Every structure is written in structure tokens, then in C-alpha cells.
Amino acid sequence: MLKEYIEKIRPHFEPSGRLHAFRSVYDGFETFLYVPNTTSKKGVNIHDAIDSKRIMSMVVIALIPALLFGMYNVGYQNYAAAGADGSMIEMFTYGALAVLPSVLVSYIVGLGIEFAWAQWKGEEIQEGYLVSGIIIPLVLPIGCPLWVIAVAVAFAVIFGKEIFGGTGMNIFNVALLARAFLFFSYPTKMSGDTVWVSTDSILGLGHDLPDGFTMATPLGEMAQGSAPTASLADSVIGLIPGSVGETSVIAIAIGAVILLWTGIASWKTMLSVFAGGAVMAAIFNATGQTPVEWYEHIVLGGFCFGAVFMATDPVTSARTNTGKYIYGVMIGALAVIIRVMNPGFPEGMMLAILFGNMMAPTIDYFVVQRNINRRLKRG
């Protein structure tokens with residue numbers, strides 16, 4: 001019935017229809033619901049069984065475990081900070097009501113710009129923001145104001161993607177660019193000990209906390225030169241303060257399995273990020289530069305989330321097989337270097353991936369040139 005209705009209203013959006021100005025909006029919804037049956041008219045093309053919208057939708061599915069656990073953890077941290085007891089349902093409901101507005105703002109602003117841009121240029125609506133729209137709230141602290149998120153999303157979509165030509169042409173990961181914009185433009189909303197726990201009661205759930213309430217993240221404690229107070233088990237499960245979707249290693253691992261099983265993410269890049277981070281953390285630990293073991297660097301902060309969902313972004317990462325290894329190792333090692341050597345940036349993963357995005361084309365260039373030179377020598 002839905003397919004028949006879409007076909008019925010199609011003439012209204014054709015060039016001669018009364019709603020032709022919204023052709024791109026119609027096309028965006030139609031191709032999201034159903035795989036398009038259009039074919040290329042000229043040239044040689046290889047068609048796959050899955051299109052980019054289906055790929056993006058699968059990534060969103062892989063992110064759902066991190067989103068759901070993040071909602072629960074927001075409620076858990078609020079109840080724990082207040083020293084109160086609450087059921088799992090109460091904690092999850094509180095967290096969901098706190099997180100969903102951020103998700104809605106991210107999608108409304110981002111997709112609104114995407115739709116307006118497509119209408120202005122007379123092009124199809126691109127699907128890249130399906131993933132960015134959900135990642136952005138997950139990499140931000142729960143205390144980030146909605147208006148700040150809206151400003152960051154607008155900046156990232158316009159200046160990080162659209163001016164480069166849209167999805168597939170952007171140099172930097174859009175979600176990380178939004179986080180970087182907030183980090184440097186509104187640092188008080190993104191760092192410090194006051195932004196990681198929701199302090200307000202929502203619809204009678206949760207508990208109001210004092211305005212001066214603070215709770216340091218494990219990485220914040222490490223930046224002060226002390227070992228994290230959170231246990232390794234809590235760090236793996238995710239019951240620690242942090243960005244909404246970055247705390248649970250287990251939830252992120254479920255997403256990683258989905259991405260690897262479907263072939264969407266590159267295991268070469270993913271594995272290399274972990275290897276680079278582990279080796280560099282072990283070196284710093286052996287030399288007494290960091291108070292924690294190498295595996296603690298891996299499970300804390302946004303390391304796992306960045307390695308699984310952002311370093312593997314096929315648009316902004318290296319594309320050659322050898323380049324993926326170099327790219328991944330560089331990101332993992334650089335993230336730990338930033339954490340240990342610069343306490344002002346206790347996270348490290350954001351800057352490391354953005355630097356990797358910048359270097360990815362150069363890495364691929366030299367890998368390709370090396371292959372060309374080797375073949376010329378054999379000839």
C-alpha cells in the first residue's frame with residue numbers, strides 16, 4: 001500500500017507537477033524506503049546489491065547498542081551521584097529523556113540543511129548525514145546545551161561537507177568536526193568536571209544535583225597524573241562518566257561485530273588503530289610516563305568508539321590496503337601520545353582521527369606510487 005501511494009503521488013513531483021520544487025525531498029524519502037530501480041544510461045558501471053542508503057542504515061543499526069547503553073548510563077550516573085536507588089527502567093527512562101532531545105536537534109538541523117541544500121542546487125538528497133546525525137550526540141557530554149549542538153551541526157554540515165561537494169567528497173569526518181568545533185569554540189561546555197552527569201530532574205525522574213556538582217572522568221584523572229578510580233570492570237561495561245555513547249566497550253564491540261560481519265568497516269583499519277594505541281601505551285607505561293596499563297588506555301574515553309565507528313569511515317580514511325594499516329597505527333599511536341604528553345587534551349582520539357583524515361590522501365598517494373615504482377622495476 002505504501003509503495004502504491006508513493007507511485008500515485010509521483011506525478012506531483014515531476015518537472016510538470018505542482019510540487020516539482022520538492023522533487024529532491026520526494027526522491028530522498030522514496031529511495032530511503034525502497035531500493036531505486038534506476039540504471040545508468042552510459043559508461044561502464046558495476047552495480048552492487050546494496051546502495052549507500054542501506055549501508056548508512058546498517059551503520060545506524062550498529063550504533064544502537066551504544067546509544068541504548070548510553071541512555072542507561074546517563075540515568076545511572078545521575079542516580080549514583082545523588083546516592084539514590086532506582087530501577088533499571090527508571091534509570092533508562094531518565095537517560096532516554098535526557099539524550100533524545102540532542103538526537104532530535106542533531107537530525108532536525110542537519111537534515112534540514114541537507115534538504116535545503118539539495119533543493120537549492122536541484123540535486124538528490126545525500127544520505128551521509130544518517131550516520132553523522134546519530135554519532136554527534138553520542139560523542140558529546142550530556143551537559144552540552146541544545147543550542148550549542150545546533151550551531152555545531154550547522155557548522156559541520158555546511159563547512160565540513162557541503163562546500164566540498166557533499167557526501168563522499170568531504171575531507172574530515174563530519175561528526176568529529178562538529179565535536180572539534182564545540183571543543184575549541186565552547187570549551188566550558190565540552191570539558192571540565194561539570195558536563196558529564198545530567199544534573200536536572202526530568203519529568204519527576206532522576207535527582208536534582210547542586211550547581212557546583214563535579215565528577216571527573218577517568219581520563220580527566222589521568223591528566224592530573226593519578227590512576228583512574230573506576231574499576232576495569234566498570235570501564236569495560238561502561239558505568240563511568242563520559243560522552244553519551246563512548247563509555248561501554250561491550251556495546252561498541254557489538255557494533256563492531258555488525259560492521260565487520262556485513263563488510264561495511266575495514267578490519268585492517270580497526271585492528272591497526274588498536275595495535276598502534278596498545279604499543280604506544282605500553283611504551284609510555286614502561287618508561288613511567290603514564291600511571292595506567294596499556295589496556296586501560298584502550299578501554300577508556302572514546303578510543304574504542306573512534307576506532308570502530310569513525311576511523312573506519314570509508315570516505316575520510318585511507319583506501320589502499322597498505323595505507324589502512326599505516327593510517328590505523330598512526331591514529332592509535334597519536335591518540336595515546338596526545339593523552340600522555342598534553343594534559344590539556346585528555347581524550348586525544350578526536351584530534352588523532354582528524355589528523356589521520358588529513359593525512360589519508362597522502363598515505364594512499366605514496367602507497368600507490370610505491371606499487372607503480374615496483375612494477376616499473378620488474379618490467
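What follows is a short chat about a predicted model of one protein chain.

Visitor: How many helices and strands does the protein chain have?
Guide: The protein chain of this predicted model has 16 helices and 0 strands.

Visitor: And what share of the residues count as buried?
Guide: Of its 379 residues, 49% count as buried.

Visitor: What about the accessible surface of the protein chain?
Guide: The accessible surface comes to about 18500 Å². Carbon and sulfur atoms account for 65% of that area.

Visitor: How much of the contacts comes from residues 24 or more positions apart?
Guide: Counting contacts with a separation of 6 or more, 70% are between residues 24 or more positions apart.

Visitor: On to the inside. How many residues are in the largest nonpolar core, and which have the most contacts there?
Guide: The largest nonpolar core has 89 residues. Leu63, Ile135 and Phe305 have the most contacts inside it.

Visitor: Take Phe305. What is it in contact with, leaving aside neighbours within four places in sequence?
Guide: Phe305 is in contact with Leu63 and Ile135, and also with Ala66, Leu138, Val139, Gly245, Glu246, Ile252 and Met310. Besides that core there is a second, separate one of 6 residues, including Phe69, Tyr72, Tyr79 and Leu239.

Visitor: Which helix is Val103 in, while we're here?
Guide: Val103 belongs to helix α4, residues 88-121. With a relative accessibility of 11%, Val103 counts as buried. Beyond its neighbours within four places in sequence, Val103 is in contact with Leu67 and Pro137.

Visitor: And how far is Val103 from Leu138?
Guide: They are 35 residues apart along the chain, and their C-alpha atoms are separated by 8.5 Å.

Visitor: Switching to α7. What span should it have, and what are the end C-alpha atoms doing?
Guide: Helix α7 has 12 residues, 174-185, and at 1.5 Å a residue should span 16 Å. Its end C-alpha atoms are 16 Å apart, which agrees.

Visitor: Why call α7 largely enclosed?
Guide: Because 10 of its 12 residues are buried, α7 is largely enclosed by the rest of the structure. Among the buried ones are Val174, Leu177, Arg179, Phe181 and Phe183.

Visitor: Which helices do those buried residues pack against?
Guide: The buried residues of α7 pack against α5 (129-138), α6 (146-160), α8 (187-190), α14 (303-310) and α16.

Visitor: Now α1. Which residues are buried there?
Guide: Ile6, Ile9 and Phe13 are buried in α1. Viewed down the helix axis, the buried residues of α1 fall within an arc of 85 degrees, so they line one face. Glu4 and Lys8, on the other side of α1, are exposed.

Visitor: What about the span of α1?
Guide: The 12 residues of α1, 2-13, should span 16 Å at 1.5 Å a residue, and the end C-alpha atoms are 17 Å apart, which agrees.

Visitor: Cysteines next. How many disulfides?
Guide: The count comes to 0 disulfides. As for individual cysteines, Cys144 is buried at a relative accessible area of 5%, and Cys304 is buried at 7%.

Visitor: Last one: where is Gly344?
Guide: Gly344 is in the loop between α15 (321-341) and α16 (349-378). Gly344 counts as partly exposed, at 47% relative accessibility.

Visitor: How far is Gly344 from Ala223, in sequence and in space?
Guide: Gly344 and Ala223 are 121 residues apart in sequence, and the C-alpha to C-alpha distance is 7.7 Å.

Terms used. Residues are numbered from 1 along each chain as its sequence is written. This is a predicted model: local features need pLDDT of at least 70, side-chain atom pairs count only at pLDDT 80 or more; totals for chains, interfaces and linings use all residues. Side-chain values use heavy atoms; hydrogens and water are left out. A nonpolar core is a set of buried Ala, Val, Leu, Ile, Met, Phe, Trp, Tyr and Cys residues joined through side-chain atoms within 4.5 Å. Buried means under 20% relative accessible area, exposed over 50%, partly exposed in between (1.4 Å probe, protein chains only). Contact means heavy atoms within 4.5 Å. Helices (H or I, at least four residues) and strands (E, at least two) are DSSP runs, numbered from the N terminus. The expected span of a helix is 1.5 Å times one less than its number of residues. The arc is that of the directions from the helix axis to the C-beta atoms. Accessible areas come from the Shrake-Rupley method with a 1.4 Å probe; for residues, only the protein chains shown count as cover. A disulfide is a pair of cysteine sulfur atoms within 2.5 Å.
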